[in-house]
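Dear colleague,

Please find below the structure that I am handing over to you, followed by an account of what was found in it.

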Amino acid sequence: MTLTDTELERYARHIVLREIGGAGQAKLRGSHVVVIGAGGIGSPAIQYLAAAGIGTLTLVDDDQVDLSNLQRQTIFGTQDIGTAKVNAAASAVARLNLAVQVRTIHQRIDAEQAADLLVSAHAVLDGSDNFATRLAIADAALANRVPLISAAVAEFEGQLGVFRGWESDKPCYRCFVGADPERAETSCAEQGVLGALTGVMGSLGALEAIRACYPFGEDSAGKLLLVDALALRFRTLSLPKDPGCPSCGAH
């Protein structure tokens with residue numbers, strides 16, 4: 001797959017990286033990443049994935065832009081208030097990189113829809129705000145053998161994990177969180193969230209989605225990154241595979 005002169009100039013800073021080069025950039029152009037949630041985490045992730053030249057982005061969100069979103073969801077502006085987030089995000093991608101094909105799904109995804117959604121994906125980045133959606137996406141990612149990048153933020157803390165549970169030595173998302181979709185949840189409207197931290201976690205999520213499409217450096221699967229913005233501390237934990245996990249234990 002040959003890069004055009006325009007692409008060579010646009011992605012020059014990627015291409016000069018020994019770990020990516022022209023072959024890697026061409027692979028990104030042929031990649032499809034699904035982003036679940038166009039909110040605080042999805043906002044920077046969508047921008048960096050588009051800027052990186054990911055060929056196809058599928059954006060999933062059932063919400064509309066609200067004034068209170070603008071403190072952290074920097075892909076939107078005041079003029080977008082009242083617009084479906086996926087549509088406003090798609091417009092932002094078009095302004096950034098017309099070569100990226102964007103598919104929008106303006107609804108909340110359930111388990112049945114998630115299975116179909118990931119059939120052609122090379123990676124899925126989940127920044128959704130509810131546990132039921134996260135489980136549905138995680139199960140679909142496992143079933144379709146699509147790398148799952150899961151990112152979350154609350155108050156001053158963030159976490160990021162990469163899951164490929166079909167591999168014999170890698171955990172799935174349920175190895176990490178269990179299987180109870182009815183666990184109590186608190187929204188960021190109740191807890192609060194530091195806007196800049198969502199930018200950090202969304203950018204890291206985009207980095208891992210890019211790595212999933214064209215591997216470079218150390219493999220992140222089976223690790224959990226914890227970010228403490230109050231102490232400016234980053235910790236990485238190893239996540240073991242649960243041999244009794246009903247989802248991936250048989251793999």
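β6 (157–163) and α8 (173–177) each contribute at least two residues to the lining of the second largest cavity, and β6 gives the most, with four residues. Helices (H or I, at least four residues) and strands (E, at least two) are DSSP runs, numbered from the N terminus. A cavity is, on a 1 Å grid over the protein atoms alone, a set of points where a 1.4 Å probe fits but cannot get out, and lining residues have an atom within 4 Å of a point.

This is a predicted model, in which local features need pLDDT of at least 70 and side-chain atom pairs count only at pLDDT 80 or more, while totals for chains, interfaces and linings use all residues. Residues are numbered from 1 along each chain as its sequence is written, and side-chain values use heavy atoms, with hydrogens and water left out.

The lining of the second largest cavity consists of Ser150, Gln159, Leu160, Gly161, Phe163, Tyr173, Phe176 and Leu224. By class, five of these residues are nonpolar, three polar and none charged (Ala, Val, Leu, Ile, Met, Phe, Trp, Tyr, Cys and Pro count as nonpolar, Asp, Glu, Lys and Arg as charged, and the others, Gly among them, as polar). The volume of this cavity is about 30 Å³, a volume being the space filled by probe spheres set on the grid points, which are joined across faces, edges and corners.

Over the whole structure, the search finds two cavities of 30 Å³ or more. The largest holds about 50 Å³ of space, and among its lining residues are Ala138, Ala141, Leu142, Phe163, Trp166 and Tyr173. Helix α7 (residues 131–144) gives the most to that lining, with three residues. Nine residues of the lining of the largest cavity are nonpolar, one is polar and none is charged.

Cys175 counts as buried because its relative accessibility is 19%, the limits being under 20% relative accessible area for buried, over 50% for exposed and partly exposed in between (1.4 Å probe, protein chains only). Cys248 is likewise buried, with a relative accessible area of 0%.

Turning to the strands, five of the five residues of β2 (residues 56–60) are buried, so this strand is largely enclosed by the rest of the structure. Thr56, Thr58 and Val60 point one way from β2, and Leu57 and Leu59 point the other way. Strand β1 (residues 32–36) runs parallel to β2 and is joined to it by five bridges (two strands pair if DSSP finds at least two bridges between them). Val60 is the bridge partner of Ile36 in β2. Between β1 and β2 the chain passes through helix α4 (residues 42–52), in a right-handed β-α-β crossover; right-handed means that, with the strands pointing away from the viewer, the path from the first strand over the helix to the second runs clockwise.

Strand β3 (residues 101–105) also pairs with β2 in the parallel sense, over five bridges, and Ile105 is the bridge partner of Val60 in β3. β2, helix α5 (residues 85–96) and β3 form a right-handed β-α-β unit.

As for α4, eight of its eleven residues are buried, so this helix is largely enclosed by the rest of the structure. Gly53, with a positive phi near 90 degrees, follows α4.

Yours sincerely

Note on methods. On a 1 Å grid over the protein atoms alone, a cavity is a set of points where a 1.4 Å probe fits but cannot get out, and a pocket is an open set with protein on both sides within 12 Å along at least five of seven lines; lining residues have an atom within 4 Å of a point.
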